Amino acid sequence: MQHPAVPELAHTTTRPIHWLATAAAVWAVVAVSSFLQPGAATAAQPGPRSADTRTTAAAPDPAAVHFPLQCGPAKVLVVKKATGDLDGDGSPETVAVVRCDAGSGTPPSGVYVLTRSHEAHAGPRIVATLVDPKNRLTADDVAVSDGAVTATLLGYSSPAVPSCCPDTTDKAKWQWKGAAFVRSTPAEARSI
């Protein structure tokens, strides 16, 4: 408590200029903090980096690959692509779903894994065929997640089923094991 004989100190009384100074200081802090933001968040954990890291490499482009499809006069069409590091080497691979650009029906898909060539001027190359078009399957919902490729495969219960209308569905999942992609989800066709 202040002694009544002591006059009131000038700095203990608030005036409008004090409120303006406080508001200006708060505004300056907010303005400066809007320019100073943390870096973008990523799910990757920082780890030791080697001198030969390839994490900045772009994923292989399916447009630069010659796919082994026999389409006759029709063009080869890349229907979908998904990218991710499938073999744990720090460099992304691309999974491409490819089919002939037919005017009607449901042409079968080929699902291929592409990687960058280690040669300086060579383009991407196919390292695995997950679904061969000869099997008459159409790949849908293809995705790459956690080092695995997943897809829904649409097929036919018999050769008598018209090619316009697949009547079976099968979930598939492939992962890199040692030196090859292994399908970990068993093949079991179910009617649609």
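Reader: Which residue forms a disulfide with Cys71?
Author: Cys71 forms a disulfide with Cys100, and their sulfur atoms are 2.0 Å apart. A disulfide here is a pair of cysteine sulfur atoms within 2.5 Å. This is a predicted model, in which local features need pLDDT of at least 70 and side-chain atom pairs count only at pLDDT 80 or more, while totals for chains, interfaces and linings use all residues. Residues are numbered from 1 along each chain as its sequence is written, and side-chain values use heavy atoms, with hydrogens and water left out.

Reader: Which parts does the pair tie together?
Author: Cys71 lies in the loop between helix H1 (16-35) and strand E1 (76-84), and Cys100 is in strand E2, so the link ties together parts that are 29 residues apart in sequence. Helices (H or I, at least four residues) and strands (E, at least two) are DSSP runs, numbered from the N terminus.

Reader: Is Cys71 buried or exposed? And what is the handedness of the link of Cys71 and Cys100?
Author: Cys71 counts as buried, at 13% relative accessibility. Cys100 also counts as buried, at 16%. Buried means under 20% relative accessible area, exposed over 50%, and partly exposed in between, with a 1.4 Å probe and protein chains only. The link is left-handed, with -85° about the S-S bond.

Reader: How many disulfides are there by this rule?
Author: The count comes to two disulfides. Another joins Cys164 to Cys165, with a sulfur-to-sulfur distance of 2.4 Å. The link of Cys164 and Cys165 is left-handed, with -70° about the S-S bond. Cys164 is partly exposed at 45% relative accessibility, and Cys165 is partly exposed at 39%. With the bonded cysteines numbered in sequence order, the pairing is 1-2, 3-4.

Reader: Turning to the chain as a whole, how many helices and strands does it have?
Author: The secondary structure comes to one helix and nine strands. Along the sequence, the pattern is α-β-β-β-β-β-β-β-β-β.

Reader: What share of the residues is buried?
Author: Buried residues make up 27% of the 192 residues in the chain. The accessible surface comes to about 13000 Å², and 59% of that belongs to carbon and sulfur atoms. Such areas come from the Shrake-Rupley method with a 1.4 Å probe; for residues, only the protein chains shown count as cover.

Reader: Let us look at a single residue. Where is Thr94 found?
Author: Thr94 is found in strand E2 (residues 93-100). Thr94 is buried, with a relative accessible area of 0%.

Reader: What does the side chain of Thr94 reach?
Author: The side chain of Thr94 reaches the backbone oxygen of Pro60 at 2.7 Å. Beyond its neighbours within four places in sequence, Thr94 is in contact with several residues, including Ala59, Pro62, Lys81, Tyr112 and Leu114. Contact means heavy atoms within 4.5 Å.

Reader: And Ala58, where does that residue lie?
Author: Ala58 lies in the loop between H1 and E1. Ala58 counts as partly exposed, at 45% relative accessibility. Setting aside its neighbours within four places in sequence, Ala58 is in contact with Pro92 and Arg116.

Reader: How many residues apart along the chain are Ala58 and Arg116?
Author: They are 58 residues apart along the chain, and their C-alpha atoms are separated by 8.8 Å.

Key: A polar contact is a pair of N or O atoms within 3.5 Å; within protein, one must be able to donate a hydrogen and the other to accept it, and residues adjacent in sequence count only if both atoms are side-chain atoms.
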